[in-house]
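Welcome! Please take a look at the sequence and structure shown here before reading on.

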Amino acid sequence: MFKSLFRELFRSKRKLDASLGDWASEPYYDFDGLTRQISAKARYLHDHGFLDYPAIVHIETMAVCNAACAFCPYPRLERKGTRMADTLIEKIIDNLTAMPRNLPFQFAPYKVSDPFIEPRLFEIIDLACAKLPAAQVSLITNGSALTERKIELLKKVKAIAYLNVSLNFDNAEEYEEVMRLPFDRTLRRLDALHKGKERGGLDFMIRVTRVSCDRSSDAAFLQWVRQRYPGFQAAILPRNDWLGEVVTENALSQVPDAPCHRWFDLSVTATGVVAMCCMDGEAKYPKGDANRQHVLEIYNQPWLQALRRDLISRKRAGSPCDRCTYLSY
């Protein structure tokens with residue numbers, strides 16, 4: 001029952017990911033199709049137990065990343081370097097034990113950060129899995145800190161939903177200019193990860209992703225990933241403007257006339273402040289403070305309940321949702 005519900009919950013996301021490599025319009029492919037996808041996912045979450053409980057919980061246990069991407073708010077983040085106290089991590093996880101034990105949700109130990117920089121990562125995952133049997137761990141990383149030791153530790157985690165590696169470029173020149181990381185080192189880490197996948201033990205989806213630039217370079221990246229890493233999936237993700245805070249070329253500019261499935265998220269920053277959503281990278285639109293409040297009380301504030309219950313268009317949802325262009329899984 002649990003496994004079938006979890007598969008159903010994330011089926012639309014897998015379909016979206018599979019479609020990304022096939023769409024062929026620019027700069028990010030099928031706006032109407034993506035709008036239908038996020039509307040369908042919001043409706044599914046509405047109908048399957050997530051009005052009162054979050055579908056995804058992001059906990060930024062340490063606001064540290066080793067990259068400095070121009071399309072990310074991290075380089076100017078005021079809380080950069082903040083380390084969430086162990087006691088707060090434990091409190092948040094304890095709060096989440098009030099969720100139904102058979103309701104599957106994603107536990108994401110990162111926000112504007114790279115989880116593999118966090119030395120406590122696997123202890124935190126172990127604690128979450130021990131106390132939250134319905135939790136499925138999702139991880140997004142640039143891959144640079146994914147050492148062979150950490151790959152071996154990943155094999156011991158039985159509740160990983162997926163691992164995304166945000167690579168973005170297939171050549172050293174562009175990669176190092178944008179990511180500010182050594183390209184060769186990241187490829188060595190990805191090579192080791194792929195070898196581990198081929199040998200078995202990494203029994204979860206691994207994607208290599210790119211933030212969309214343009215049609216031709218996106219297609220070339222997809223082809224390169226599929227040739228070099230056939231055991232991984234390849235995906236192009238839309239370039240978002242982080243609620244207007246990070247404006248770059250080719251970022252989505254149209255606000256979809258649809259509800260948002262991110263209304264079903266809980267996004268806790270390293271300071272304990274709960275941001276509006278994953279796109280509120282700088283937490284300028286806080287919903288509460290996990291230091292002082294139960295996280296499910298924050299999630300279930302009446303105005304947030306109303307967004308999830310009524311599923312009105314983002315255009316009518318008020319600030320900041322009425323100017324958010326986010327379209328992704």
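## Before we start

This is a predicted model, in which local features need pLDDT of at least 70 and side-chain atom pairs count only at pLDDT 80 or more, while totals for chains, interfaces and linings use all residues. Residues are numbered from 1 along each chain as its sequence is written, and side-chain values use heavy atoms, leaving out hydrogens and water.

Helices (H or I, at least four residues) and strands (E, at least two) are DSSP runs, numbered from the N terminus.

## Helix α8 and its surroundings

Let's begin with α8, which covers residues 183-199 and has 17 residues. From first C-alpha to last, α8 reaches 24 Å, close to the 24 Å expected at 1.5 Å a residue; the expected span is 1.5 Å times one less than the number of residues. After α8 comes Gly200, with a positive phi near 100°.

Several α8 residues are buried, including Phe183, Leu187, Leu190 and Leu193. Buried means under 20% relative accessible area, exposed over 50%, and partly exposed in between (1.4 Å probe, protein chains only). Among the elements covering these buried residues are α7 (172-179), β5 (205-211) and α9 (215-228).

## The nonpolar core

A nonpolar core is a set of buried Ala, Val, Leu, Ile, Met, Phe, Trp, Tyr and Cys residues joined through side-chain atoms within 4.5 Å. The largest one has 94 residues, and those touching the most other members are Ile92, Phe116, Leu154, Leu163, Leu193 and Phe264. Apart from this core lies another, of seven residues, among them Tyr110 and Tyr162.

Leaving aside neighbours within four places in sequence, Leu163 is in contact with residues including Phe116, Leu154 and Leu193. Contact means heavy atoms within 4.5 Å.

## Two packed helices

Helix α4 (residues 86-96) packs against helix α5 (residues 121-131) at an angle of about 25°, and their axes are 10 Å apart. The two are therefore roughly parallel, a label for angles under 35 degrees. Axes are lines fitted to C-alpha atoms, for helices over the stretch in contact, and angles run from 0 to 180 degrees between N-to-C directions. Where they meet, Ile89, Glu90, Ile93 and Asp94 in α4 face Ile124, Leu127, Ala128 and Lys131 in α5.

Most residues other than glycine have a negative phi, and most peptide bonds are trans. Arg180, in the loop between α7 and α8, has a positive phi near 60°. Arg180 counts as exposed, at 55% relative accessibility. Ala283 also has a positive phi, near 55°, but counts as buried at 16% relative accessibility.

Finally, a cis peptide bond, with omega about 0°, joins Ser319 and Pro320.

Definitions and conventions. Parallel < 35°, antiparallel > 145°, perpendicular 65-115°, else oblique.
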